[in-house]
Amino acid sequence: MNSLFAKILLWFWVTLVITVVGSAFISALDVNQDDSDRRAPAAQLVEFQLATARTAYETGGRAGLEKFLATLRRIYGVQGILTDEKGRDLLTNQDRSDLLRRARRRRAEYQLFRAGNAMVARGAEDGRYWFFFLVPRTQVGLWFLQPEHIFMLLAAVLLCYWLAFHLTRPVRQLQKAVERFGRGDLSARVGSRRRDELGRLARTFDRMADRTQTLLDAEHRLLQDISHELRSPLARLGVAIELARSGDDLNTSLNRIQKESDRLNALVGQLLAVTRAEGDPSALRREPVRVDELVQQLVDDSGIEAQAHGCELKYERRQAATVEGDPELLRRAVENVIRNAIRYAPRETAVEVSLARKNGSVVVDVRDRGPGVPEEALPRIFDAFYRVETDRARASGGIGLGLSIARRAIELHKGSIRARNAQPGLEVEMELPAGPA
């Protein structure tokens with residue numbers, strides 16, 4: 001038997017049957033023992049029948065006793081026998097000493113379930129009379145178990161079934177969730193609301209599944225991010241090399257190449273930092289970051305890429321602002337938004353970058369003058385690999401991860417990022433909780 005439900009249900013049923021049968025058996029023993037409790041209902045019934053039979057015999061003789069025993073047989077379906085102290089049947093004058101010997105035994109359990117009729121006996125207090133019930137063996141169970149008892153027994157069986165089902169249901173739910181999770185469905189959860197041990201076990205599995213899914217998703221995104229993020233520094237290196245070949249200021253171009261090479265070398269470490277922060281938010285670096293200086297540096301660094309695209313960067317409405325967070329993650333977020341705007345900005349236009357403090361937050365705003373994004377696509381442009389099926393997406397050559405990385409970095413700092421069409425162009429707003437001045 002491998003089913004926990006079947007084991008629990010069988011255990012309850014066996015316990016119930018033993019209880020019912022044992023209770024009936026003990027009741028039968030009580031009425032057979034001379035020294036048993038005379039106040040027990042079954043004992044009182046036999047005591048009453050003994051007194052009635054004795055009165056019928058003493059007042060009406062054998063005729064009175066015969067009439068009483070006939071009534072007893074008609075009502076209860078059992079045979080009644082009244083004997084004297086020696087075991088002589090007072091109605092038929094037969095020798096019933098064998099019944100008397102059986103009744104005087106202390107081990108009354110042998111009287112109920114041996115071959116023949118079951119017997120219930122009671123002796124008078126003065127020892128002059130003995131009264132015996134002889135119950136046919138086929139009626140023993142029904143004599144002790146009335147229809148009301150059978151109804152209660154069935155109700156108890158149904159209650160046992162419901163209890164076993166209630167106890168094993170969360171186990172089956174947990175089993176199904178584990179099987180789905182093992183097949184690769186990382187969204188499988190139990191979602192139990194129980195407050196007992198099984199509910200706590202289910203919630204422990206859900207937390208484990210959340211943690212596992214977070215780690216696996218972070219690892220998957222890391223591979224995607226590396227393939228995406230290597231494109232920007234490699235592109236800038238290519239531009240710097242072309243300028244070095246064609247320009248007069250060779251030293252400046254070589255410095256730019258060196259700087260981009262160093263940044264490329266540090267990129268993998270930065271992406272690993274994003275992945276670790278998502279997998280374990282408590283490991284996120286927390287230090288004061290001057291966002292205005294960070295944005296100024298990014299505008300200066302991205303100027304060469306803007307010139308290559310035939311546009312320019314304007315950093316306006318700058319204010320001194322500080323936030324608490326990881327400087328490298330914040331740099332990646334703002335840089336991706338700026339370079340995304342440069343990528344879609346038409347020639348001879350400006351990409352406007354601004355920074356301001358507003359209601360306890362630091363807001364970085366980046367706007368281009370490009371074609372914008374369809375309104376129905378705005379909520380999805382921060383999803384990984386999402387590309388708008390317009391000329392804006394086709395011209396970029398990107399794979400749709402830059403803004404997704406920016407959103408993840410901003411959200412790790414308890415901030416938010418939004419986009420709206422500025423007519424013309426797209427405006428992206430990044431809002432972060434302001435730190436101490």
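The structure holds 17 salt bridges. The model is predicted.

Start with helix H2, which spans residues 41–76. Arginine 54 and glutamate 58 both sit in H2, four residues apart, about one turn of the helix. The two form a salt bridge, with the closest N and O atoms 3.0 Å apart. Glutamate 58 is partly exposed, at a relative accessible area of 44%.

Move on to helix H11, residues 327–344. Here glutamate 335 pairs with arginine 339 in a salt bridge, and the closest N and O atoms are 3.0 Å apart. About one helical turn separates the two, because they are four residues apart in H11. Buried or exposed: which describes glutamate 335? Glutamate 335 counts as buried, since its relative accessibility is 2% and the cut-off is under 20%. Arginine 339 is also buried, with a relative accessible area of 2%. This pair belongs to a network of salt bridges that links Glu305, Arg332, Glu335 and Arg339.

Next come the strands. Strand S10 covers residues 426–433, and six of its eight residues are buried, so the rest of the structure largely encloses it. Two strands pair with S10. Strand S8, residues 361–367, runs antiparallel to S10 and is joined to it by seven bridges. Strand S9, residues 416–421, also pairs with S10 in the antiparallel sense, over six bridges.

Arginine 367 has glutamate 427 of S10 as its bridge partner. Asparagine 421 has leucine 426 of S10 as its partner. S9 and S10 form a hairpin with four residues between the strands. In that hairpin, glutamine 423 takes a positive phi near 50 degrees.

Which residue does glutamate 427 meet in a salt bridge? The partner is arginine 420, with the closest N and O atoms 2.4 Å apart. Glutamate 427 is buried, at a relative accessible area of 13%. Arginine 420, at 46% relative accessibility, counts as partly exposed.

Finish at the surface. Leu10, Val14 and Ile18 form a nonpolar patch there. Together they have about 270 Å² of accessible area. Isoleucine 18 lies in helix H1, residues 4–32. Its relative accessible area is 56%, so isoleucine 18 is exposed, the cut-off being over 50%.

Definitions and conventions. Residues numbered from 1 in each chain as written. Predicted model: local features only at pLDDT ≥ 70, side-chain atom pairs only at ≥ 80, totals over all residues. Heavy atoms only, no water. Patch = residues over 30% accessible without salt bridge, like charges linked within 9 Å, V, L, I, M, F, W, Y side chains within 5 Å. Areas by Shrake-Rupley, 256 points an atom, 1.4 Å probe, with all protein chains shown as cover. Salt bridge = Lys/Arg side-chain N within 4 Å of Asp/Glu carboxyl O. Buried < 20%, exposed > 50% of the residue type's maximum accessible area, 1.4 Å probe, protein only. Pairing = 2+ DSSP bridges.
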